[in-house]
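Dear colleague,

Please find below the structure that I am handing over to you, followed by an account of what was found in it. I would be grateful if you read the two together.

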Amino acid sequence: SGGGAGGLLAGQMSVGTSGLTVTVGNGGGAGSNGQNSAFNTLTSIGGGGGIHGGNGRSGGSGSGGGYPATVIATSISGQGNNGGLGGGWGSAPYYTGGGGGGAGSAGGDGGSTTGGNAGNGIVSNITGTPTYYAVGGPGAHRDDGVNTGGTPGSAAAGGSAVGEDGVANTGNGAGGTAPNVTGKSGGSGIVVIAY
């Protein structure tokens, strides 16, 4: 299934001039959630790790589920969205993974022959360059890895049985992979401060 994006927090706050802690979490590996990223008193929760079968993992955004997932992987309110469910024709090898949730929308359910859409990320200009952050990973088809792709600006979109890692310093989820292909890693987090 597609990995869930890390939680995204954005806004303004007043802080002192010393003693501020910044933590940048690593992206999750195959089957494990990403680490949290934090600034001062705010913490963005790492994304849910993609799974091989069954229910997805909850996180900042939930990962997609595999077949036959029955419970949606949930997200942290205000940080991300839920993952989609797995699908398929009901017999191997035609199982599909759900898409991981993103900061902008939930992941899509897997169809009969395609993996679920990745959840949208959110574009920000805080660095001076429009960049998509916290994009979910798309689910893959068990047989050949066919999926419906990601969203604009998503380097996490799989598109094949191999899938793709989430881009570093974006919080993007990794794309799903077909069996016998090593699972991919989510993108590491990022903390950007404008003052």
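**Findings**

G136 is buried, at a relative accessible area of 0% (buried means under 20% relative accessible area, exposed over 50%, and partly exposed in between, with a 1.4 Å probe and protein chains only). G136 is located in the segment after strand 7 (131–133). Between the C-alpha atoms of G136 and G64 the distance is 9.0 Å, although 72 residues separate the two in sequence.

Please note that this is a predicted model, in which local features need pLDDT of at least 70 and side-chain atom pairs count only at pLDDT 80 or more, while totals for chains, interfaces and linings use all residues. Residues are numbered from 1 along each chain as its sequence is written, and side-chain values use heavy atoms, with hydrogens and water left out.

As to the overall architecture, the protein has 0 helices and 7 strands, in the pattern β-β-β-β-β-β-β along the sequence. Helices (H or I, at least four residues) and strands (E, at least two) are DSSP runs, numbered from the N terminus. Of the 195 residues, 42% count as buried. Among contacts (heavy atoms within 4.5 Å) with a separation of 6 or more, 43% come from residues 24 or more positions apart.

An open sheet of 3 strands runs in the order 1-2-3 with antiparallel pairing; its edge strands, strand 1 and strand 3, each pair on one side only. Two strands pair if DSSP finds at least two bridges between them. Strand 2 (residues 37–39) is joined to strand 3 by 3 bridges in the antiparallel sense, and F39 has L42 in strand 3 as its bridge partner.

Strand 3 (residues 42–44) also holds S44, which counts as buried because its relative accessibility is 15%. The side chain of S44 reaches the backbone oxygen of G7 at 3.4 Å. Beyond its neighbours within four places in sequence, S44 is in contact with G7, L8, L9, N36, S37 and Q79.

Of these residues, L9 lies in the segment before strand 1 (22–23) and is partly exposed, with a relative accessible area of 38%. Which residues form a nonpolar patch on the surface? They are L9, M13, V15, L20 and L42, and their accessible area together is about 370 Å².

With kind regards

Methods. A polar contact is a pair of N or O atoms within 3.5 Å; within protein, one must be able to donate a hydrogen and the other to accept it, and residues adjacent in sequence count only if both atoms are side-chain atoms. Patches are made of residues with over 30% relative accessible area and no salt bridge: like charges are joined within 9 Å, nonpolar side chains (Val, Leu, Ile, Met, Phe, Trp, Tyr) within 5 Å. Accessible areas come from the Shrake-Rupley method with a 1.4 Å probe; for residues, only the protein chains shown count as cover. A salt bridge is a side-chain nitrogen of Lys or Arg within 4 Å of a carboxyl oxygen of Asp or Glu.
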